[in-house]
Amino acid sequence: MPPGPKGWPLIGPLLDLRRDVLGTMHKAMLRYGDVVRFAGGLPGRFGVRIYGLYHPDDVERMRTSGDDVYSKQDPSSVEIRAAVGDGLLTS
């Protein structure tokens, strides 16, 4: 499992992402590397997991793979957009 910021109890770093998406993701990249895990919520299906991919090869692999691998329409993606907004993070 990739490393990532702990953030606040229960909500993790999601509030920080909502306030400053680019700043929070940039700081996390500098501290944790090319793949960063942002996690919040309750464990299991009620949790929110966001993965930041920062290496160009990883981004290209994600962009060119089939839509069935990286879906933006699953329930967790809808929740992420509700939590952090519809922008660069969720595009």
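1. Start at the hairpin. G41 has G47 as its bridge partner in strand β2. Strands β1 and β2 pair in the antiparallel sense, over 7 bridges. Five residues lie between the two strands, and G44 in this hairpin takes a positive phi near 85°. β1 covers residues 35-41, and β2 covers residues 47-53. Of the 7 residues in β1, 5 are buried, so the strand is mostly covered.

2. A word on confidence. This is a predicted model. The protein chain averages a pLDDT of 81, and 80% of the residues score at least 70. Among the elements, α2 has the highest mean pLDDT, 93. The lowest mean, 69, belongs to α4. Keep both values in view when reading the points on the core, to which α2 and α4 each give two or more residues.

3. The overall layout. The protein chain has 4 helices and 2 strands. From the N terminus on, the order is α-α-β-β-α-α. Of its 91 residues, 29% count as buried. The chain exposes about 6400 Å², and carbon and sulfur atoms supply 57% of that area. Among contacts between residues at least 6 apart in sequence, 47% join residues at least 24 apart.

4. Which residues make up the largest nonpolar core? There are 11: L14, L17, V21, M25, A28, V36, F38, V48, I50, I80 and V84. The elements giving two or more residues to this core are α1 (14-19), α2 (21-32), β1, β2 and α4 (75-84). The largest share, 3 residues, comes from α2. In soluble globular proteins, nonpolar side chains tend to be buried together.

5. Leaving aside neighbours within four places in sequence, L17 is in contact with T24, M25, F38, I50 and V84.

6. An α-helix has 3.6 residues a turn, so residues three or four places apart point the same way. After α2 comes G33, with a positive phi near 110°.

7. Is G12 buried or exposed? Its relative accessible area is 3%; that is under 20%, so G12 is buried. G12 sits in the segment before α1. Not counting residues up to four places away in sequence, G12 touches K6, G7, A39 and G40. G12 and G40 are 28 residues apart along the chain, yet their C-alpha atoms are separated by 4.3 Å.

8. L10 is the residue to check by eye. L10 is also in the segment before α1. What is its phi? The value is near 70°, which is positive in a residue other than glycine. Most residues other than glycine have a negative phi, and most peptide bonds are trans. The relative accessible area of L10 is 55%; that is over 50%, so L10 is exposed.

Notes:
Residues numbered from 1 in each chain as written. Heavy atoms only, no water. Buried < 20%, exposed > 50% of the residue type's maximum accessible area, 1.4 Å probe, protein only. Pairing = 2+ DSSP bridges. Core = buried A, V, L, I, M, F, W, Y, C linked by side-chain atoms within 4.5 Å. Contact = heavy atoms within 4.5 Å. pLDDT = per-residue confidence, 0-100. Areas by Shrake-Rupley, 256 points an atom, 1.4 Å probe, with all protein chains shown as cover.
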